[in-house]
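Subject: Structure handover

Hi,

Here is the structure we talked about. Please open it alongside this note.

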Amino acid sequence: MRGRDLQPPSLSLDVDAVVVGTGAGGSVALRELARAGLDAVAFEEGAHLTWRDFDQREDHMLGQLYQDAGARATEDMAIRVLQGRGVGGSTVHNTNLCKRPADAILELWAREYGVEGAGPGALRPSFEAIERDLSVSEIDPSMRNANNDLLRAGCDALGWRGGPLKHNRVGCAESGFCELGCSYDAKQNALKVVLPQAVEAGARVYADVQVVSIVHDGHRAGGIRGVILGEDGAPRGNVEVRARVVVLAASAVGSAALARRSGLPDPHSRLGRGLRMHPGAIVAARFEREIAGWRGIPQSYECTELLSHEPGSAKRVWIVPAFAHPIGAAATIPGFGAAHMAAMRSYKNLAVLTAMVHDETSGEIALGPDDRPVIRYAMLESDRRQLALGLVACARLLFAAGAQHVTIPAVPPIHLSSAGELDALDLSVLRPHSVPLTAVHPMGTMAMGEDPRISVVRSTGEHHQLRGLFVADGSLFPTSLGGPPQIGIYGFALHLSPRMVDRARGG
């Protein structure tokens, strides 16, 4: 239901459970609560859009599908942070990458962070169930576009480790507009699959409602308060919900900000801390032949030659193809005037790779004077070196695949004509503010574990000090995953849902 359509514009409910956020984690938590016969309701700050609303226009969809219209960034403006806003969350605009958290990561959490009952064996049934629900399958090589196949060719030429990726798409038209919402309704995501299942089981979903605080007495969660937003984003009325269970699933940024705004108990100063960003940067290359990288399925191949999940490893970079539609490309490609025009005229011949750092930097979500989230993240020198390693590796892969010219869009831009020039590069210039960085996988901020001195919630997902408050999004993760988090988020929400159900029943 669209909150903006409520007449009168107010809502007061008594329910068993309330879920804040309708992305990967929130949708699964809501579904499982409803399937258990509980009265469950979910609230989403953004609008409820469907495939009929996705018009493939950057100027239209960025403002509707992304937080801050795609302009969210870290406090120092070094990293652009792309997060979803709308029913279905980031599953609406993501590129459908489906990759389970590595066994080494889950084992690390058990060994170093005190996470219990969440090892590879314990999580496997949840991951398998989610992959069935979302029709996850490996992208067939015949559906691999030229931009992705160049990464395969580069890996083959260099003898580097790489392989195909899995996606949750059925009936894909291979249009390439995934990040603007799927106009063909091919994404098997929270919006299309999980939330309808929740509603069928009796759950209610309200869009256009911003939850502003969690109601609690310092020991037990008792519900939420929020405001209904009009089409112009202005508050139109109030929402008050009383519930035995509150589930936070508003992202590693949104959940932590809401928790801080609500004055949750935080005796060990862990709330909002431990933020990982999985930051990345791109390298572009011009080829003699047409690549048309905007066309076809994005990100269907990966290079893991430089990716280890061991802490402190000298190889912590994940490489996948990337591409941008004209507005995004024009804003990223360096240059002005005639030089920029010449670069854009080569748009159809461009291929792009991105290097994402499996980061060890620990950031923080704070609150600004207006109570909006402030993302603080100062990249460690060790992570900066990984960024440089990854960008050089991207350039090497592109040359190995036959690129004529490679550009690292630093300030000033680094233009290369051969792989031999890479050995002479001054890598110290490849750092935040010099290189445009983007993060699409914020994690941490309300980490799980049994020791309240280093975690915010228990291994069950329930808050250490606040009975009935659960977390079911990427906030849970004690470290970066080093890969796309959606299967991890869906899977953990399913894994933790029995405890939410038990608590909502009065257990």
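How many nonpolar, polar and charged residues are in the lining of the largest cavity? Before the answer, the ground rules. This is a predicted model, in which local features need pLDDT of at least 70 and side-chain atom pairs count only at pLDDT 80 or more, while totals for chains, interfaces and linings use all residues. Residues are numbered from 1 along each chain as its sequence is written, and side-chain values use heavy atoms, with hydrogens and water left out.

**Cavities**

The lining of the largest cavity has seven nonpolar, four polar and three charged residues. (Ala, Val, Leu, Ile, Met, Phe, Trp, Tyr, Cys and Pro count as nonpolar; Asp, Glu, Lys and Arg as charged; the others, Gly among them, as polar.) The largest cavity holds about 90 Å³ of space. It is lined by 14 residues, with Arg169, Cys172, Ser175, Cys178 and Cys182 closest to its centre. The count is four cavities of 30 Å³ or more.

On a 1 Å grid over the protein atoms alone, a cavity is a set of points where a 1.4 Å probe fits but cannot get out; a pocket is an open set with protein on both sides within 12 Å along at least five of seven lines; lining residues have an atom within 4 Å of a point. Volume is the space filled by probe spheres set on the points, which are joined across faces, edges and corners.

**Second largest pocket**

Its volume is about 300 Å³. The lining has 17 residues, and His48, Val87, Leu191, Leu195 and Pro196 lie nearest the centre. Helix α6 gives the most, five residues. (Helices are DSSP runs of H or I, at least four residues; strands are runs of E, at least two; both are numbered from the N terminus.)

**Helix α6 against α1**

The axes of α1 (residues 24-35) and α6 come within 7 Å and cross at roughly 25 degrees. (Axes are lines fitted to C-alpha atoms over the stretch in contact, with angles from 0 to 180 degrees between N-to-C directions; contact means heavy atoms within 4.5 Å.) The two helices are therefore roughly parallel (under 35 degrees; 65 to 115 is roughly perpendicular). Leu195, from the pocket lining, is among the α6 residues that meet α1.

**Helix α4 against α11**

Here α4 (residues 120-133) and α11 (residues 486-504) have axes within 8 Å, crossing at roughly 115 degrees. That makes them roughly perpendicular. Phe127 and Ile130 are among the α4 residues in this contact. The contact residues divide into nine nonpolar, four polar and one charged.

Best wishes

Conventions: Angles under 35 degrees count as roughly parallel, over 145 as roughly antiparallel, 65 to 115 as roughly perpendicular and the rest as oblique.
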